[in-house]
Amino acid sequence: MGSQRWLQPVALALAALLIAFVTQVRWILALVGTFDVFYLAAVTVGEIRLRRERRYDLGALQRIHDREEVLSIEHDQESYDSVSCRNCGTVYNARLPICPSCKQSQFS
(Lines give C-alpha, C1' and ligand atoms only; values in the text may rest on other atoms or scores of the structure.)
Protein backbone atom coordinates (compact mmCIF):
# COMPACT_ATOMS: atom_id res chain seq x y z
CA MET A 1 0.00 0.00 0.00
CA GLY A 2 2.97 2.31 0.44
CA SER A 3 3.60 2.47 -3.27
CA GLN A 4 0.04 3.67 -3.90
CA ARG A 5 0.16 6.53 -1.41
CA TRP A 6 0.44 9.10 -4.20
CA LEU A 7 -2.80 7.84 -5.72
CA GLN A 8 -5.07 9.47 -3.14
CA PRO A 9 -3.70 13.04 -3.54
CA VAL A 10 -3.73 12.67 -7.34
CA ALA A 11 -7.33 11.42 -7.26
CA LEU A 12 -8.31 14.38 -5.04
CA ALA A 13 -6.52 16.79 -7.36
CA LEU A 14 -8.27 15.31 -10.40
CA ALA A 15 -11.63 15.54 -8.64
CA ALA A 16 -10.94 19.20 -7.78
CA LEU A 17 -9.99 19.91 -11.41
CA LEU A 18 -13.13 18.19 -12.62
CA ILE A 19 -15.29 20.28 -10.27
CA ALA A 20 -13.50 23.45 -11.35
CA PHE A 21 -13.91 22.50 -15.01
CA VAL A 22 -17.63 21.82 -14.59
CA THR A 23 -18.03 25.17 -12.82
CA GLN A 24 -16.14 26.95 -15.58
CA VAL A 25 -18.13 25.15 -18.25
CA ARG A 26 -21.29 26.47 -16.64
CA TRP A 27 -19.88 29.99 -16.76
CA ILE A 28 -18.74 29.51 -20.33
CA LEU A 29 -22.15 28.18 -21.33
CA ALA A 30 -23.82 31.09 -19.55
CA LEU A 31 -21.56 33.58 -21.36
CA VAL A 32 -22.15 31.90 -24.71
CA GLY A 33 -25.90 31.87 -24.09
CA THR A 34 -25.85 35.56 -23.19
CA PHE A 35 -23.82 36.35 -26.29
CA ASP A 36 -26.29 34.38 -28.41
CA VAL A 37 -29.23 36.36 -27.02
CA PHE A 38 -27.54 39.70 -27.77
CA TYR A 39 -26.45 38.49 -31.21
CA LEU A 40 -29.97 37.37 -32.13
CA ALA A 41 -31.39 40.68 -30.89
CA ALA A 42 -28.89 42.65 -33.00
CA VAL A 43 -29.62 40.55 -36.08
CA THR A 44 -33.37 40.99 -35.60
CA VAL A 45 -33.09 44.76 -35.20
CA GLY A 46 -30.81 44.96 -38.25
CA GLU A 47 -33.23 42.91 -40.34
CA ILE A 48 -36.14 45.15 -39.36
CA ARG A 49 -34.16 48.22 -40.41
CA LEU A 50 -33.20 46.63 -43.73
CA ARG A 51 -36.82 45.72 -44.46
CA ARG A 52 -37.85 49.33 -43.92
CA GLU A 53 -35.14 50.53 -46.32
CA ARG A 54 -35.97 47.93 -48.98
CA ARG A 55 -39.50 49.15 -49.60
CA TYR A 56 -40.19 50.10 -53.19
CA ASP A 57 -40.53 53.74 -54.07
CA LEU A 58 -42.88 53.57 -57.02
CA GLY A 59 -42.09 57.17 -57.98
CA ALA A 60 -38.40 56.34 -58.26
CA LEU A 61 -39.25 53.21 -60.22
CA GLN A 62 -41.38 55.28 -62.62
CA ARG A 63 -38.56 57.82 -63.08
CA ILE A 64 -36.08 55.03 -63.88
CA HIS A 65 -38.53 53.51 -66.35
CA ASP A 66 -39.17 56.86 -68.03
CA ARG A 67 -35.45 57.60 -68.30
CA GLU A 68 -34.74 54.19 -69.84
CA GLU A 69 -37.61 54.66 -72.28
CA VAL A 70 -36.26 58.04 -73.38
CA LEU A 71 -32.78 56.57 -73.79
CA SER A 72 -34.13 53.71 -75.91
CA ILE A 73 -36.05 56.19 -78.12
CA GLU A 74 -32.94 58.37 -78.50
CA HIS A 75 -30.91 55.26 -79.34
CA ASP A 76 -33.46 54.26 -81.98
CA GLN A 77 -33.29 57.73 -83.52
CA GLU A 78 -29.50 57.67 -83.59
CA SER A 79 -29.44 54.24 -85.20
CA TYR A 80 -30.71 55.64 -88.52
CA ASP A 81 -27.95 56.79 -90.87
CA SER A 82 -30.08 59.21 -92.85
CA VAL A 83 -33.30 61.10 -92.38
CA SER A 84 -35.65 62.96 -94.66
CA CYS A 85 -36.30 66.63 -93.95
CA ARG A 86 -39.91 67.32 -92.99
CA ASN A 87 -39.80 70.71 -94.66
CA CYS A 88 -38.16 70.07 -98.07
CA GLY A 89 -37.83 66.28 -98.25
CA THR A 90 -34.02 66.28 -98.64
CA VAL A 91 -32.34 63.11 -97.35
CA TYR A 92 -29.30 63.86 -95.18
CA ASN A 93 -27.14 62.36 -92.40
CA ALA A 94 -29.11 61.97 -89.16
CA ARG A 95 -26.18 63.27 -87.11
CA LEU A 96 -26.58 66.75 -88.62
CA PRO A 97 -28.73 68.97 -86.40
CA ILE A 98 -30.31 70.83 -89.32
CA CYS A 99 -31.17 70.14 -92.95
CA PRO A 100 -28.27 71.29 -95.17
CA SER A 101 -30.72 72.37 -97.87
CA CYS A 102 -33.37 74.42 -96.07
CA LYS A 103 -31.57 74.93 -92.71
CA GLN A 104 -34.55 73.67 -90.68
CA SER A 105 -34.11 71.54 -87.55
CA GLN A 106 -35.28 67.96 -87.87
CA PHE A 107 -36.90 68.20 -84.41
CA SER A 108 -38.96 71.37 -84.96
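Mentor: We will go from the overall fold to the cysteines, then to the aromatic residues and one backbone angle.

Trainee: What should I know about the model and the numbering?
Mentor: This is a predicted model, in which local features need pLDDT of at least 70, side-chain atom pairs count only at pLDDT 80 or more, and totals for chains, interfaces and linings use all residues. Residues are numbered from 1 along each chain as its sequence is written, and side-chain values use heavy atoms, with hydrogens and water left out.

Trainee: How many helices and strands in the protein chain?
Mentor: The protein chain has two helices and two strands. Helices are DSSP runs of H or I with at least four residues, and strands are runs of E with at least two, numbered from the N terminus. Along the sequence the pattern is α-α-β-β.

Trainee: What share of the residues is buried?
Mentor: Of the 108 residues in the protein chain, 6% are buried. Buried means under 20% relative accessible area, exposed over 50%, and partly exposed in between, with a 1.4 Å probe and protein chains only.

Trainee: And what about contacts between residues 24 or more positions apart?
Mentor: They account for 2% of the contacts with a separation of 6 or more in the protein chain. A contact is heavy atoms within 4.5 Å.

Trainee: Are C85 and C99 buried or exposed?
Mentor: C85 counts as buried at 8% relative accessibility. C99 is also buried, at 0%.

Trainee: Where is C85 placed?
Mentor: In the loop between β1 (82-84) and β2 (91-93). Leaving aside neighbours within four places in sequence, C85 is in contact with T90, Y92, C99 and C102. C85 and C102 are 17 residues apart along the chain, and their C-alpha atoms are separated by 8.6 Å.

Trainee: New topic. How many aromatic pairs does the structure hold?
Mentor: One. F35 and Y39 are stacked, 6.2 Å centre to centre with 20 degrees between the planes. Rings of Phe, Tyr and Trp (its six-membered ring) pair if their centres lie within 6.5 Å; planes under 30 degrees apart are stacked, over 60 edge-to-face, the rest tilted.

Trainee: Where do F35 and Y39 lie?
Mentor: Both are in helix α1 (residues 7-53), four residues apart, about one turn of the helix. F35 is exposed, with a relative accessible area of 54%, and Y39 is partly exposed, at 49%.

Trainee: Last one. What is phi of K103?
Mentor: Near 65 degrees, a positive value in a residue other than glycine. Most residues other than glycine have a negative phi. K103 is in the segment after β2 and is exposed, with a relative accessible area of 54%.
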